[in-house]
Amino acid sequence: MEKLGCEKKLINVTNDVSVIGSGPAGIVAGISAREFGAKKVIIIDRNNWIGGILPQCIHDGFGIEEMGISLTGPEYIDKYVEKAKNLGITVMKETTVLKINNELEIFAVSRKGLMKIKSKSIILAMGCREKTRGNLIIPGDRPSGIYTAGLAQTFINLYNIMPGKNIVILGSGDVGLIMARRLKIEGANVKGVIEILPYPNGLPRNVVQCLKDYNIPLLLSHTITSIEGKDRINKVIISKVDKNKKPIPDTEKIIKCDTLLLSVGLIPENEISRNAGIILDDSTGGPLVNQYYRTTIPGIYACGNCLQVYDTVDLLSIHAKIAGKQSAKNAIKGKNHNNYAEKNIIVKPGTGIKYIIPQMINKTGIIDFSFRLEKPNKFSKISFELNKNEIFRGNLKYSNSTGIINMKVKIPNYSPKSILEVILNE
Amino acid sequence: MNDETKITCILCPIGCEIRINKKNLFIIEGAKCEKGIEYSKNEVLDPKRILTSSILIKNGILPLISVKTNKPIPKDKLFNILEILKKTSVNAPVEMGEKIIRNILNTGSDIIATKTVKKSK
């Protein structure tokens, strides 16, 4: 505490389950924790609203897999916010978490002052952030008129501000596709979506209903090689790219525009996790977790987009419920699944697999895995090999395997320090 | 063979690619569920979409209220409906689910609010 230097004003709180972030993951996990017996549940959020990004996601498609109905973002989150209220869950708005530690203490600051929330379990649900021009290092001038797609969504859907008239979108992630349609609907001229990969990065349904329905061009295997404009952006130079994503000389084309939106990927937000000493996975950008979504620190759980960047809120919520349930069990029984190093199975992504969650297992029986392939692959089989012996072989269910794939696999008895490798068989 | 067309189903994140005969609506392959079969037939006969957008709200804590059609509307009427939405404004407060325009352009679909916007103090 001496480091913070505010001992005298420190507000002390004790709590069962504390959730960091009030987006869909945080709210769903908080509700689940309450339903599975945690008496006192607090959700902390730095914003002055509840629901994270969903209030600005006014398009529909939320809830299809989870509830069988298609809702807009605000409608989806409203169902859970109501439920959280009815369950007596406290949401602390405008409260920023500064740090957490392995004693399960949260230090947070709000207008009331500095507080220490001693918790029995902590759930990380901080979400993710958009990549910016700085992450991509696009050459050229540094004019105004360049926004991330999500920021443009905030401007248009919440504040009634149009970011520009002639728009180019870099990246075909779902937010970019949704924003292409949104801008067109609001009267802008959307000149095209530029994608460096040879296939679209967003869901097929969004390619159809956001681009094809509105005749917006999608340029695959292309990237922006220069941004030009003195004060405001006035053009981008695009080039075709080869198999290695390298621009091909003499393929340059000019697209005049006054606005460039970037939809080039999301980064899980884990500054708090990293500072607490939680070990992160380089591929997911989120904490390493076991089958209960428990991180490498006992009592701390992770869910939502800070764990892995999800394609849909539905699967995110399904997983967040498990994290919430387990955090409640831990809070009630004080049961720390502490046997990490010895009894664990280490799960490794093998050939063709980008990442897999959970990365650690310490029980036998059915385990719910989620993973991504390195590239789309329609007609493949996935093998689960425990110490080089195949224990499961599954067919890919989805035709668009750029997305997260879910598989339930039964884990048999195993010896300590086993390795489970997941492999794509072409 | 020329009667064959490929339709990407938009009903769920899977996005089945369904091959269908445009003339006799015979499904050739690709649909993983019943809903997809129905969708691809409708897509050939009369493509429909849910439209989501926003309209101006006066005296609200936000300048806009998000809205949607409560049923899918014909695709070729999207921009006609948007023209109407552009000219529409409401007064706060408006509750989620409230009907703002009934039976828009005789489509049988209502424009409803998808969020609650309270009156500004």
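Two residues are taken to be in contact if their C-beta atoms, placed from the backbone, lie within 7 Å. Among contacts in chain B between residues at least 6 apart in sequence, 47% join residues at least 24 apart. The model is predicted: local features need pLDDT of at least 70, side-chain atom pairs count only at pLDDT 80 or more, and totals for chains, interfaces and linings use all residues. Residues are numbered from 1 along each chain as its sequence is written, and chains are lettered from A and ligands numbered from 1 in the order in which they are written.

Chain B has 2 helices and 10 strands. Helices (H or I, at least four residues) and strands (E, at least two) are DSSP runs, numbered from the N terminus. Along the sequence, the pattern of chain B reads β-β-β-α-β-β-β-β-α-β-β-β. The radius of gyration of chain B, taken over C-alpha atoms, is 18 Å, whereas a compact globule of 121 residues would have a value near 14 Å. The globule rule is 2.2 Å times the number of residues to the power 0.38. Along the principal axes, the C-alpha atoms of chain B fill a box of roughly 65 × 25 × 15 Å. Of the 121 residues in chain B, 31% are buried (20 or more other C-beta atoms within 10 Å of the residue's own, with C-beta atoms placed from the backbone).

Chain B also touches chain A. The contact takes 23 residues from chain B and 28 residues from chain A. On the chain B side, β5 (52-58) and β6 (64-69) each supply at least two residues. By class, this side has 11 nonpolar, 7 polar and 5 charged residues. Ala, Val, Leu, Ile, Met, Phe, Trp, Tyr, Cys and Pro count as nonpolar, Asp, Glu, Lys and Arg as charged, and the others, Gly among them, as polar.

In chain A, 5 strands form an open sheet with mixed pairing, in the order β22-β20-β27-β24-β25. Two strands pair if DSSP finds at least two bridges between them. The edge strands of chain A, β22 (360-361) and β25 (389-395), each pair on one side only. Strands β20 (residues 345-349) and β27 (residues 418-425) of chain A pair in the parallel sense over 5 bridges. A:Lys348 stands opposite A:Glu421 in β27(A).

Notes. Buried ≥ 20, exposed ≤ 12 C-beta atoms within 10 Å, placed from the backbone.
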